[in-house]
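Please find below some notes for a colleague who will work from the coordinates.

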Amino acid sequence: MKKSILTCLFLVVAIVVFAQSGYQVGDIAADFNLKNTDGKNVSLANYKNTKGYIVVFTCNTCPVSKAYEARIEALNKMYAAKGYPVVAINTNDPITSPGDSYEKMQERVKEKGFTFAYLLDPDHVFTKKYGAQRTPHVFVLEKTASGNEVAYIGAIDNDQQELNAQRENYVQNAVNQLLSGQKPTVSSTKAIGCSIKWKKEASK
């Protein structure tokens, strides 16, 4: 009986720890230095005169990520000049998911004409540090005196198929409120998309 209770308690603690892994709203996010599709490394510090960032963990192959590509590009065109550029990071291991290789990323950028940086996180270091669980998974960061503070985490909107008449543009709303000097009214939503394709050793 005691063994069963201890086992249950262990499982509850494990679930809670897993659920809380990665950043929460209000945390200060780490910078990164990752390879872009143009061959150059990119970090958040490279962006001068910004007010924050729209960091999108995504990939080439997920149907949900593909459905949002145009909207991610639109976010960059809408907000980069206002101080909130999009920085996309490919979460997937290219061995587990060959369509997410660096070469395939370069092809995707050329084909789609992306104007934002599209970075490779080959060992899932920042995917795990940020706590991304799905593709796409968005983290809106606000530059503060303390660092890049997480202001919003979650989905781009609630309209994957673009059929929802009551679409809520979560990321747009969050960035607009930050630009007006307010904290996002909705600061966290559930990211809907494909599970991340981890390296076999990273998933153990």
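1. Two strands are taken as paired if DSSP finds at least two bridges between them, and the bridge partners named below should be read in that sense. The model is a predicted one, and its chain has five helices and 10 strands. Buried residues account for 45% of the 204 residues in the chain. Of the contacts between residues at least 6 apart in sequence, 75% join residues that are at least 24 apart.

2. Eight strands form an open sheet with mixed pairing, and their order is E1-E9-E8-E4-E5-E6-E2-E3. At its edges are strand E1 (28-29) and strand E3 (41-42), each of which pairs on one side only. In general, the strands of a sheet pair through backbone hydrogen bonds, in either the parallel or the antiparallel sense.

3. Strand E4 shows both senses of pairing, one with each of two partners. With strand E8 (residues 137-144), strand E4 (residues 52-58) pairs in the antiparallel sense over six bridges; Gly52 has Glu142 as its bridge partner in E8, and Tyr53 stands opposite Leu141 of that strand. With E5, by contrast, E4 pairs in the parallel sense over five bridges; here Val56 stands opposite Ala88, while the bridge partner of Phe57 in E5 is Ile89.

4. How many of the seven residues of E4 are buried? Seven of the seven are, so E4 is largely enclosed by the rest of the structure. In a regular strand the side chains alternate between the two faces of the sheet. In E4, Gly52, Ile54, Val56 and Thr58 point one way, whereas Tyr53, Val55 and Phe57 point the other way, and all are buried.

5. Helix H5 (residues 170-179) lies across E4, E8 and strand E9 (147-154), and runs at about 5° to E8. As for the pairing of E4 and E8, it is antiparallel over six bridges. Helix H2 (residues 63-79) packs on the sheet, where it touches E4 and strand E5 (86-90), and its direction makes about 170° with that of E4.

6. The structure holds one cavity of 30 Å³ or more, and the volume of the largest cavity is about 60 Å³. Its lining consists of Thr58, Cys59, Glu69, Ile72, Ala88, Phe114, Phe116 and Tyr118, which by class are six nonpolar, one polar and one charged residues.

7. A last point concerns Ser101, which is found in the loop between E5 and helix H3 (102-112). Leaving aside its neighbours within four places in sequence, Ser101 is in contact with Asn60 and Pro94.

Key: Residues numbered from 1 in each chain as written. Predicted model: local features only at pLDDT ≥ 70, side-chain atom pairs only at ≥ 80, totals over all residues. Heavy atoms only, no water. 1 Å grid on protein atoms, 1.4 Å probe; cavity = no way out; pocket = protein on both sides within 12 Å on 5 of 7 lines; lining within 4 Å. Points joined across faces, edges and corners; volume = space filled by probe spheres on them. Nonpolar A, V, L, I, M, F, W, Y, C, P; charged D, E, K, R; others polar. Helix = DSSP H or I, 4+ residues; strand = E, 2+ residues; numbered from the N terminus. Contact = heavy atoms within 4.5 Å. Axes fitted to C-alpha atoms, helices over the stretch in contact; angles between N-to-C directions. Buried < 20%, exposed > 50% of the residue type's maximum accessible area, 1.4 Å probe, protein only.
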